[in-house]
Amino acid sequence: MDTIYVTGHRNPDTDSIVAAIAYTALRNACGDREYEAACLGDPSDETKSVLDKFGFQAPKRIYNVFNQIRDLDFIKPPVLSTAITVGHAWDIMQEKNIGTLPVANEDGTLYGILSRDHVAAYHMSLITESYLQEVPLFNVLSVLEGTILNEAGETTDTISGNVVIALPQSQDTLLWQDPDSIVICGHQPYMIRRALEMNVKCLVLCETELTEELRRLPTKTCIITTPFDAYRASRLIFQSTPIGRICRTQEITSFHLDDRVEYAKEESLKHRESGYPILDENEQIVGMMNRYHLLRPRHKQVVLVDHNEASQSVPGLEEARIVAIIDHHRIADIETTNPIYLRNEPVGSTNTIIADMFRERGLIPSPKLAGLMAAAIVSDTVMFKSPTCTDRDIKAAQRMARIANISLDSLGKLIFSTSISKKSAKEMLTRDYKEFHIAGHPVAVSQVTCMDSAVILERKDELMELMKELKKEKKLTMIIFMITDVLLEGSHILYMGNDDVIQQAFSVAPKENTAFLPHVMSRKKQIIPMLTAIWG
Ligand SMILES: [Mn+2]
């Protein structure tokens with residue numbers, strides 16, 4: 001069951017945060033447990049005080065919904081240690097039908113990769129080279145299903161040597177001469193004696209035992225017996241090589257769970273491999289993938305509440321699957337591949353819509369949640385003074401307040417007394433900052449709602465300086481800062497941009513980049529449409 005994130009817009013306000021929590025609670029109450037509330041920024045002081053009051057935590061912060069390696073159905077093969085024999089690794093490849101296996105260091109980090117290619121190349125090299133290089137005796141015993149027959153064998157840890165099969169020969173000079181040998185033979189007393197007297201490194205007896213007489217011969221040779229014949233023993237013994245010796249350890253392309261699929265696609269074109277190890281945030285190997293796994297990621301799923309514009313939403317939205325939109329803003333630019341549940345109503349708060357959705361399903365929010373939703377409606381409608389406010393908002397807020405057993409006036413005081421005027425200019429300006437694209441004009445409108453606009457206006461110079469920088473940095477046609485005063489029932493605006501546009505849009509005579517707009521409380525209903533009318 002993949003998580004479906006429910007998120008409000010960037011620079012979240014109280015309506016946005018609470019809508020995410022409330023919609024998630026609604027879905028979970030209906031049995032859809034995969035929903036999880038999320039947010040795209042830290043809650044403001046106002047939101048925090050409301051969350052605290054009703055005992056809620058801020059939703060989980062998410063940063064993007066791009067397709068990541070973790071969204072791929074990659075394979076989780078056994079992670080082999082470097083000491084595993086080639087034979088054992090090959091058996092696993094065959095049994096699980098996996099072409100490339102990850103090889104790990106003792107601590108689980110990546111040591112190398114072993115593919116069928118590496119095994120084949122190793123075996124081909126044995127046609128001209130028959131030297132077995134320092135292999136642990138236990139590895140040899142395991143591939144040969146062998147047993148140690150003498151004391152020298154018991155004290156041997158590793159064996160090396162040129163592997164030879166001792167065939168009967170008529171002349172001594174044609175036989176193996178070098179003690180640095182691993183001699184494979186059958187029931188051939190003469191050969192066995194010769195090997196033991198020469199103290200060859202290892203003697204492998206195929207399908208035979210040692211006679212009493214030969215057993216008593218003093219020797220440094222490690223003697224083992226195997227149930228296989230000489231041909232198979234000579235092939236199998238090379239399977240005892242640890243894979244750490246033959247796997248590739250250089251220039252390995254690997255990916256992390258957090259890497260974007262787009263990035264992995266580009267890299268996989270540059271580095272064509274049969275398999276790529278996947279690592280977690282602690283560099284531990286968690287799986288393998290190949291190029292085919294990149295073709296069909298499980299897209300992240302999101303529900304958008306309190307917004308529907310891509311520029312206000314989570315980065316990577318174009319790669320995600322939008323499951324639903326619950327909003328009260330203008331319909332903007334989002335396209336979906338499938339039909340979705342879209343509920344957009346011209347009311348003052350997204351939480352009014354969600355409160356109605358609870359009612360439609362015959363559900364009552366918990367008193368805590370109802371209090372939270374009442375606060376969100378009060379906040380978004382500026383205590384019902386905003387022109388966006390409807391009768392439904394008032395009724396929904398009253399109903400929620402009743403369930404929570406709390407007065408709307410006390411909520412209003414809690415929300416609007418959280419003074420913003422003590423914040424830095426940057427915090428004031430970016431707290432509730434939204435960008436819009438209106439008929440090709442990139443525009444930013446930021447808003448604070450307060451009861452002491454005069455105090456904020458005293459810091460005009462500082463704010464204007466910052467707006468100038470932002471306008472340049474984001475290449476905006478216009479930037480507007482709304483200082484909405486609940487007591488004055490209107491907004492002071494500071495702006496950078498064309499004076500004529502402001503004059504025509506709001507029918508005011510602006511003075512030194514500022515104007516007071518009586519009864520203007522709503523960015524979406526009283527600022528954006530006016531600009532759209534001028535430019536559109
Ligand atoms: Mn809202």
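This report walks through the domains, the cores, and a few helices, strands and single residues of the structure above.

## Before you start

You're looking at a predicted model, where local features need pLDDT of at least 70, side-chain atom pairs count only at pLDDT 80 or more, and totals for chains, interfaces and linings use all residues. Residues are numbered from 1 along each chain as its sequence is written.

## Two domains

The chain is divided into domain 1 (4–67 + 300–416) and domain 2 (425–535); these bounds come from an automatic or database domain assignment. The C-alpha centres of domain 1 and domain 2 lie 25 Å apart. To the contact between them, domain 1 gives 14 residues and domain 2 gives 19 residues. Here, two residues are in contact if their C-beta atoms, placed from the backbone, lie within 7 Å.

What sort of residues make up the side of domain 1 that touches domain 2? By class, there are four nonpolar, seven polar and three charged residues. In this scheme Ala, Val, Leu, Ile, Met, Phe, Trp, Tyr, Cys and Pro count as nonpolar, Asp, Glu, Lys and Arg as charged, and the others, Gly among them, as polar.

## Two nonpolar cores

A residue is buried if 20 or more other C-beta atoms lie within 10 Å of its own, exposed if 12 or fewer, and partly exposed in between, with C-beta atoms placed from the backbone. A nonpolar core is a set of buried Ala, Val, Leu, Ile, Met, Phe, Trp, Tyr and Cys residues joined through C-beta atoms within 7 Å.

The largest nonpolar core has 87 residues, and Ala-20, Ala-22, Tyr-23, Ile-354, Met-373, Ala-374 and Met-400 have the most contacts inside it. Domain 1 and domain 2 each supply at least three residues to this core. Take Met-373: leaving out residues up to four places away in sequence, Met-373 touches Val-18, Ala-22, Asn-351, Ile-354, Ala-355, Pro-365 and Met-400. Another core, of 30 residues, lies apart from the largest one and includes Ile-184, Met-191, Cys-202 and Leu-236.

Helices (H or I, at least four residues) and strands (E, at least two) are DSSP runs, numbered from the N terminus. Two strands pair if DSSP finds at least two bridges between them.

How enclosed is S22? Six of its seven residues are buried, so the rest of the structure largely encloses S22. S22 runs antiparallel to strand S21 (residues 478–485), with seven bridges joining them, and Ile-480 has Tyr-495 in S22 as its bridge partner. The S21 and S22 hairpin has four residues between the strands, and Glu-489 there takes a positive phi near 50°. S22 is also joined to S23 by five bridges, again antiparallel; His-492 has Phe-516 in S23 as its bridge partner.

## Helix H19

Which residues of helix H19 (residues 499–506) are buried? They are Ile-502, Ala-505 and Phe-506. Seen down the axis of H19, the buried residues fall within an arc of 75°, so they line one face of the helix; the arc is that of the directions from the helix axis to the C-beta atoms. Among the elements covering these residues are strand S22 (490–496), strand S23 (514–518) and helix H21 (528–535).

## Strands S10 and S11

Strand S11 (residues 202–206) is mostly covered, with five of its five residues buried. Cys-202, Val-204 and Cys-206 point one way from S11, while Leu-203 and Leu-205 point the other way. Strand S10 (residues 181–185) pairs with S11 in the parallel sense over four bridges, and Cys-185 stands opposite Leu-205.

## An open sheet

A separate topic is the open sheet of three strands, ordered S13-S14-S15 with mixed pairing. Its edge strands, S13 (255–256) and S15 (285–289), each pair on one side only. Strand S14 (residues 276–279) pairs with S15 in the antiparallel sense over four bridges, and Leu-279 has Ile-285 in S15 as its bridge partner.

## Two single residues

Asn-150 sits in the loop between strand S8 (147–148) and helix H6 (151–154). Asn-150 is buried, with 20 other C-beta atoms within 10 Å. Neighbours within four places in sequence aside, Asn-150 is in contact with Arg-215 and Ile-223.

Ser-142 lies in helix H5 (residues 137–144) and is partly exposed, with 16 other C-beta atoms within 10 Å.
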